[in-house]
Amino acid sequence: MALDFDRSIIGSEFDRTVFAPVTKDAIQEYAAASGEPGANEVTAPPTFVVRLRGHRWMPENMPNLGRVGFDAGKDIEFGVPVRVGDVLTAVSTVHDIYEKTGRTGSMVFVVLRTVVTNQREDEVAVIDQKMMFR
Amino acid sequence: MATRFADVDVGHDLHTLTLTLSGDEVKRYAVAARMPGGRFMSDDDARKEGLPGQIVPGNLSLALFSRLIAESLPDATLKKLSATFRGLVHPGQPLKIHGVVTEKHCTDEGDRIECDLVLESQEGDRLVTGTATVQFPARR
């Protein structure tokens with residue numbers, strides 16, 4: 001059966017969070033735990049942006065897909081690096097919802113896009129979080 | 001170690017990382033990355049969520065891919081990173097993370113390469129696959 005939902009949800013913003021300034025401690029804690037080089041005392045390693053948690057991780061009006069959800073993957077496009085003192089803003093939208101049929105049956109994919117910018121409105125990262133429902 | 005665009009050809013193998021994450025290391029990452037969920041904290045908490053035991057967050061697999069790129073191509077900058085989570089990764093499981101250069105491009109923005117990345121178990125199961133786009137400094 002074809003996936004049926006109100007497509008007006010695609011592109012809709014469901015969260016906008018402004019975070020407290022990035023601290024040296026947060027960068028050092030993340031770098032030490034991830035083992036990811038490329039950082040120093042004032043610059044975060046690239047994947048630091050995944051630790052940003054907005055107020056909502058899913059839209060309130062998300063269609064009921066009636067299935068169990070799994071984290072299927074993530075794509076990150078990196079802009080300017082995160083530095084100590086940056087005030088980051090994350091804006092999340094529903095980027096896409098689509099259905100695929102594989103060997104094990106049908107699956108629905110929900111792609112949530114989060115665009116992260118700094119206080120100068122430079123783009124820091126575009127993060128596509130892919131959730132699979134089956 | 002490849003440090004220049006000219007040193008890297010299609011088919012060039014990146015370094016191979018071999019490691020086994022401990023449960024404490026996974027928990028430490030989950031806390032640092034602000035990842036809620038007992039599944040990342042301990043076997044007991046993960047079982048309460050219906051999982052066989054503590055699991056490694058997908059974001060840590062992304063960080064391992066980033067580490068592989070940084071150690072293999074230290075002068076290059078990571079521009080894009082993608083990962084597909086194909087299976088559960090557990091602490092205590094020996095892991096091999098490796099990659100290969102698949103494309104080279106000279107673009108207006110700089111010299112770039114594309115890489116395929118794999119995180120696999122000792123048994124050769126491809127638990128996480130990914131791609132990376134990496135940019136080299138402008139040639140002088």
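1. Which residues does A:Val49 touch, not counting residues up to four places away in sequence? They are A:Ile76, A:Val82, A:Val116, A:Val124, A:Ala125 and A:Ile127. Bear in mind that this is a predicted model.

2. A:Val49 also belongs to the largest nonpolar core, which has 60 residues. A:Val49 is listed there among the residues with the most contacts inside the core, and so is its neighbour A:Val116. As background, nonpolar side chains tend to be buried together in soluble globular proteins.

3. Now the strands of chain A. Strand β1 (residues 13–18) runs antiparallel to strand β3 (residues 89–102), with 5 bridges between them. A:Arg16 faces A:Val91 of β3(A) across this pairing. β3(A) also pairs with strand β4 (residues 105–117), again antiparallel, over 13 bridges. A:Thr89 has A:Thr117 in β4(A) as its bridge partner. A hairpin of 2 residues links β3(A) to β4(A).

4. Next, chain B. Strand β1 (residues 17–19) is joined to strand β3 (residues 95–107) by 3 bridges, and the two run antiparallel. Here B:Thr18 is opposite B:Lys96 in β3(B). β3(B) and strand β4 (residues 110–121) pair in the antiparallel sense through 12 bridges. B:Gly99 sits opposite B:Leu117 of β4(B). The hairpin formed by β3(B) and β4(B) has 2 residues between the strands.

Note on methods. Residues numbered from 1 in each chain as written. Chains lettered and ligands numbered in written order. Predicted model: local features only at pLDDT ≥ 70, side-chain atom pairs only at ≥ 80, totals over all residues. Core = buried A, V, L, I, M, F, W, Y, C linked by C-beta atoms within 7 Å. Buried ≥ 20, exposed ≤ 12 C-beta atoms within 10 Å, placed from the backbone. Contact = placed C-beta atoms within 7 Å. Pairing = 2+ DSSP bridges. Helix = DSSP H or I, 4+ residues; strand = E, 2+ residues; numbered from the N terminus.
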